[in-house]
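This briefing covers aromatic pairs, strand pairing and a few single residues. Keep the structure open while reading.

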Amino acid sequence: MIIRTSMVLVEVILSVVLFSIVLLYSLNVTLTVYEKNNKELNYATTKLKLETARLFLLKHKDLSKLLFVDNILFYDNNILIDNVISFNIQEESNNIKSIDITVDDLTQNWKIK
């Protein structure tokens with residue numbers, strides 16, 4: 001009877017240890033997937049903000065109303081994009097303006113007539 005009880009106890013302990021290992025591994029994988037998805041979501045959101053601003057500027061074309069103050073890009077005193085790290089407009093040939101903009105870790109170059 002004692003041998004049978006001790007075998008059951010060993011099986012229970014082994015099951016708990018294996019379950020703990022599986023649970024820790026699953027939590028680690030879940031955390032890694034969550035962090036990766038969060039980074040991808042932030043990247044996609046930043047790309048969407050930049051594309052929206054680019055399309056807005058293509059439609060309105062009056063770049064003289066752009067103002068860059070304290071990491072915020074304004075258009076006609078309204079916020080166009082926030083969290084802007086760098087912003088630069090250069091005049092190119094044939095009335096084309098080149099805009100270099102960096103938001104978070106994403107840098108884009110736009111050509112606007």
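**Aromatic pairs and strand pairing**

Phe-56 is partly exposed, with a relative accessible area of 28%. The model is predicted.

**Pair Phe-56 and Tyr-75**

- The ring centres of Phe-56 and Tyr-75 are 5.0 Å apart, and the planes stand at 90°. Planes over 60 degrees apart count as edge-to-face, so this pair is edge-to-face.
- Phe-56 sits in helix α1 (residues 2-60) and Tyr-75 in strand β2 (residues 72-75). The pair therefore ties together parts that are 19 residues apart in sequence.
- Tyr-75 has a relative accessible area of 8%. The cut-off for buried is under 20%, so Tyr-75 is buried.
- Phe-56, at 28%, is partly exposed.

**Pair Phe-68 and Phe-87**

- Phe-68 and Phe-87 form a tilted aromatic pair. The distance is 5.9 Å centre to centre, with 45° between the planes.
- Phe-68 lies in strand β1 (residues 66-69) and Phe-87 in strand β4 (residues 84-91). The two are 19 residues apart, and the pair links distant parts of the chain.
- Phe-68 is partly exposed, at a relative accessible area of 32%.
- Phe-87 is buried, at 18%.
- Phe-87 also has a bridge partner in β5, namely Ile-101.

**Sheet β1-β2-β3**

- An open sheet is built from 3 strands in the order β1-β2-β3. The pairing is antiparallel.
- Which strands lie at the edges? They are β1 and β3 (78-82), and each pairs on one side only.
- Neighbouring strands of this sheet are turned against each other by 30° on average, direction ignored.
- Strands β2 and β3 are joined by 4 bridges and run antiparallel.

**Ile-79 in β3**

- Ile-79 is found in strand β3.
- Is Ile-79 buried or exposed? Its relative accessible area is 56%. Exposed means over 50%, so Ile-79 is exposed.
- Beyond its neighbours within four places in sequence, Ile-79 is in contact with Ile-72, Leu-73 and Phe-74.
- The C-alpha atoms of Ile-79 and Lys-113 are separated by 22 Å. These residues are 34 residues apart along the chain.

**Hairpin β4-β5**

- Strand β4 is joined to strand β5 (residues 97-103) by 7 bridges. The two strands run antiparallel.
- β4 and β5 form a hairpin with 5 residues between them. In the turn, Asn-94 has a positive phi of about 60°.

**Thr-102 in β5**

- Thr-102 lies in strand β5.
- Thr-102 counts as buried, at 13% relative accessibility.
- What joins the side chains of Thr-102 and Thr-107? A polar contact of 3.0 Å does.
- Setting aside neighbours within four places in sequence, Thr-102 is in contact with Asn-83, Val-84, Ile-85, Ser-86 and Thr-107.

Note on methods: Residues are numbered from 1 along each chain as its sequence is written. This is a predicted model: local features need pLDDT of at least 70, side-chain atom pairs count only at pLDDT 80 or more; totals for chains, interfaces and linings use all residues. Side-chain values use heavy atoms; hydrogens and water are left out. Rings of Phe, Tyr and Trp (its six-membered ring) pair if their centres lie within 6.5 Å; planes under 30 degrees apart count as stacked, over 60 as edge-to-face and the rest as tilted. Buried means under 20% relative accessible area, exposed over 50%, partly exposed in between (1.4 Å probe, protein chains only). Two strands pair if DSSP finds at least two bridges between them. Axes are lines fitted to C-alpha atoms, for helices over the stretch in contact, and angles run from 0 to 180 degrees between N-to-C directions. Contact means heavy atoms within 4.5 Å. A polar contact is a pair of N or O atoms within 3.5 Å; within protein, one must be able to donate a hydrogen and the other to accept it, and residues adjacent in sequence count only if both atoms are side-chain atoms.
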